[in-house]
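Hello,

Here is the structure I promised to pass on. Please have a look at it first, then read my notes below.

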Amino acid sequence: MSRPKPNILVTGTPGVGKTTFCEALAAASSLEHLEVSKMVREKRLYREWDDELDCSIFDEEMVQDALEPLLESGGCVVDFHSSSFLDESLVDLVVVLRVDTSTLYDRLEKRHYPESKVKQNVEAEIFQSCLDEVFEEADIQIWEMPHDTEEHMEEALERVLGFVRSFG
């Protein structure tokens, strides 16, 4: 599929800074920021709710149906912690943001996440769950990038903007 602008998936454990990164990328480029967790909430793209973790359990098919029309013409930066349900033909680059677990713990605590949710997300980062679920067999560039500091964010932003400029 040929698109005039790329679609970039930015993924990682909750708390690594996906939304902050995507907002900066969208502001520095002509890409549209699609904050999938916000779409899930606003469009109710879920069928279940987890009371213990106080979050929705998104419905992959519903999210895919909402995203596909937006991604077909390109020019989107997709911000979400999950990727395995996406149609890989709609994604041109995957950026997996990583963060030190102590930094992640502090960020999640500041969000007032329940201890069980903090622990679950720190373990997901330790076991690189988000990286491991990204299109294993696809022919897509996957960039794993640290996102602990402002300097890391600037470096990652410059690298991804270079990809955007050279796309096509």
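Thr-19 sits in helix α1; helices (H or I, at least four residues) and strands (E, at least two) are DSSP runs, numbered from the N terminus. This is a predicted model: local features need pLDDT of at least 70, side-chain atom pairs count only at pLDDT 80 or more, and totals for chains, interfaces and linings use all residues. Residues are numbered from 1 along each chain as its sequence is written, and side-chain values use heavy atoms, with hydrogens and water left out.

Back to Thr-19. Its relative accessible area is 24%, so Thr-19 is partly exposed. The classes are buried (under 20% relative accessible area), exposed (over 50%) and partly exposed (in between), with a 1.4 Å probe and protein chains only. Leaving out residues up to four places away in sequence, Thr-19 touches His-33, Glu-35 and Asp-79. Contact means heavy atoms within 4.5 Å.

An unreviewed UniProt entry gives the feature "binding site" at Gly-15, Gly-17, Lys-18, Thr-19, Thr-20 and Arg-111. UniProt positions follow the numbering used here, feature names are shortened, and annotations may be inferred rather than shown by experiment.

Now Gly-17. It lies in the loop between β1 (8-11) and α1 (18-28). Is Gly-17 buried or exposed? It counts as buried, because its relative accessibility is 14%. Beyond its neighbours within four places in sequence, Gly-17 contacts Leu-97, Arg-107 and His-147.

Next, two backbone angles. His-112 has a positive phi, near 60 degrees, and is not a glycine. His-112 is in the loop between α4 (101-110) and α5 (115-126). At 70% relative accessible area, His-112 is exposed. Gln-128, also not a glycine, has a positive phi near 45 degrees. Its place is the loop between α5 and α6 (129-132). Gln-128 is partly exposed, at 31% relative accessibility.

Last, the helix contacts. Residues Thr-101, Leu-104, Tyr-105, Leu-108 and Glu-109 of α4 meet Glu-115, Val-118, Asn-121, Val-122, Glu-125 and Ile-126 of α5.

Best wishes
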